[in-house]
Amino acid sequence: MKFPNLNEEKKLWKKGFKVVAGLDEAGRGPLAGPVVAAAVVVDFNAKIFDKNFGVRDSKKLSKKQREKFYKILTNHPQIEWGIGIVSEKVIDKINILEATKLAMKKAVKKLNPDFLLLDGNFKIHCACLPAGRRQKPIVKGDAKVFSIS
């Protein structure tokens with residue numbers, strides 16, 4: 001099985017981008033509750049992630065595996081992360097795509113990234129990304145990119 005890797009992040013680190021954030025959402029499909037987005041930044045000096053230890057799209061993990069990775073990733077000193085949540089009431093007002101983008105903006109706000117890697121085929125636009133900040137949408141990025149998965 002092929003796992004997500006740091007290839008995209010490494011390319012950007014070599015270009016001088018030090019704070020690369022991966023963004024993905026959960027809850028967009030069922031439309032039954034809030035949409036939640038997570039942003040993850042892996043320190044460009046992190047050598048521990050050269051060999052993936054089984055992280056992949058959370059939908060493909062068991063509950064036990066998700067809990068294990070949650071503990072590892074949220075407590076690791078070389079990983080920063082943010083969460084954004086948008087309620088179903090807001091979704092009803094602005095639509096699910098715009099709510100997803102809003103959740104992503106909230107997730108990335110405190111991380112101050114140089115570059116965003118987004119799971120999907122869209123970009124986000126917000127004041128939290130100063131002029132010159134770049135983004136790359138990657139379809140099925142959660143299966144390809146470590147910081148998105």
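## Close-up views of a predicted model

View 1. Glu-98 and Lys-101 pair through their side chains in a salt bridge (3.6 Å, N to O). The term means a side-chain nitrogen of Lys or Arg within 4 Å of a carboxyl oxygen of Asp or Glu. The two residues sit three apart in helix α4, about one helical turn. Glu-98 is partly exposed at 34% relative accessible area. Lys-101 is buried at 16%. Buried means under 20% relative accessible area, exposed over 50%, and partly exposed in between (1.4 Å probe, protein chains only). Helices (H or I, at least four residues) and strands (E, at least two) are DSSP runs, numbered from the N terminus.

This is a predicted model: local features need pLDDT of at least 70, side-chain atom pairs count only at pLDDT 80 or more, and totals for chains, interfaces and linings use all residues. Residues are numbered from 1 along each chain as its sequence is written, and side-chain values use heavy atoms, with hydrogens and water left out.

View 2. Lys-136 meets Glu-8 in a salt bridge (3.0 Å, N to O). Lys-136 lies in β5 (residues 134–138) and Glu-8 in α1 (residues 7–14), so the pair ties together parts 128 residues apart in sequence. Glu-8 is buried, at 18% relative accessible area. Lys-136 is partly exposed, at 33%.

View 3. The side chains of Glu-67 and Lys-63 meet at 4.0 Å, N to O. Four residues separate their positions in α2, about one helical turn. Lys-63 is exposed, with 57% relative accessible area. Glu-67 is partly exposed, with 41%.
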